[in-house]
Amino acid sequence: MIDTVIKPKTKVKTKVERPKLHKVILVNDDYTPREFVVRVLKAEFRMTEDQAHKVMITAHRRGVCVVAVFTKDVAETKATRATDAGRAKGYPLLFTTEPEE
């Protein structure tokens, strides 16, 4: 007689989570020209003239404004590139990121 051992097969289900999102924030300063801020917003964040102007005015009035929400890597890259564009022209333009709640 042949003894056969049968082991049950277990399936492992992997949970796929959505990546955590991060906000890109424009910080207002008193030196960077408004037109330049609008130009950077249009170039880096692909905003229309009207959208970029509204974001710039909101940051001007409130001190900060959320520009967009991306995955962490994309948010950090865009914030760095936008900040570097201001630094290249000698402006203290600053974009930061923070996790979205």
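Helices (H or I, at least four residues) and strands (E, at least two) are DSSP runs that are numbered from the N terminus. The views show a predicted model, in which local features need pLDDT of at least 70 and side-chain atom pairs count only at pLDDT 80 or more, while totals for chains, interfaces and linings use all residues. Residues are numbered from 1 along each chain as its sequence is written, and side-chain values use heavy atoms, with hydrogens and water left out.

**View 1. Lys7 in the segment before strand S1.** Lys7 is placed in the segment before S1. Its relative accessible area is 69%, so Lys7 is exposed (buried means under 20% relative accessible area, exposed over 50%, and partly exposed in between, with a 1.4 Å probe and protein chains only). From C-alpha to C-alpha, Lys7 and Lys42 are 61 Å apart in space, and 35 residues separate them in sequence.

**View 2. Tyr31 in the loop between S1 and H1.** The loop between S1 and H1 holds Tyr31, which is exposed at 65% relative accessible area. Not counting residues up to four places away in sequence, Tyr31 touches Tyr91 and Pro92 (contact means heavy atoms within 4.5 Å). The C-alpha atoms of Tyr31 and Lys15 are separated by 48 Å, with the two residues 16 apart along the chain.

**View 3. The aromatic pair of Phe36 and Tyr91.** Three aromatic pairs are found in a search of the whole structure. The ring centres of Phe36 and Tyr91 are 5.0 Å apart and the planes lie at 50 degrees, so this pair is tilted. Rings of Phe, Tyr and Trp (its six-membered ring) pair if their centres lie within 6.5 Å; planes under 30 degrees apart count as stacked, over 60 as edge-to-face and the rest as tilted. Phe36 belongs to helix H1 and Tyr91 to the loop between helix H3 (72-88) and strand S3 (94-99), so the pair ties together parts that are 55 residues apart in sequence. Phe36 is buried at 7% relative accessibility, whereas Tyr91 is partly exposed, with a relative accessible area of 26%.

**View 4. The aromatic pair of Phe45 and Phe70.** With ring centres 6.5 Å apart and planes at 25 degrees, Phe45 and Phe70 form a stacked pair. Phe45 lies in helix H1 and Phe70 in strand S2 (residues 64-71), so parts that are 25 residues apart in sequence are tied together by the pair. Phe45 is buried at a relative accessible area of 10%, while Phe70 counts as partly exposed at 21% relative accessibility. Ring pairs link Phe45, Phe70 and Phe95 into a cluster.

**View 5. The largest nonpolar core.** In soluble globular proteins, nonpolar side chains tend to be buried together. The largest nonpolar core here has 22 residues, and those with the most contacts inside it are Leu26, Leu41, Phe45, Val67 and Phe95. At least two residues of this core come from each of S1, H1, H2, S2 and H3, and H1 gives the largest share, six residues. A nonpolar core is a set of buried Ala, Val, Leu, Ile, Met, Phe, Trp, Tyr and Cys residues joined through side-chain atoms within 4.5 Å. Leu41 touches Leu26, Arg46, Met47, Ala52, Val55, Met56, Val67 and Phe95, not counting residues up to four places away in sequence.

**View 6. Arg46 in the loop between H1 and H2.** Arg46 sits in the loop between helix H1 (34-45) and helix H2 (49-62). The residue is exposed, with a relative accessible area of 74%. Most residues other than glycine have a negative phi. The phi of Arg46 is near 55 degrees, a positive value in a residue other than glycine.

**View 7. Thr83 in helix H3.** Thr83 is located in helix H3 and is buried, with a relative accessible area of 9%. The residues that Thr83 touches are Leu93, Leu94 and Phe95, not counting residues up to four places away in sequence.
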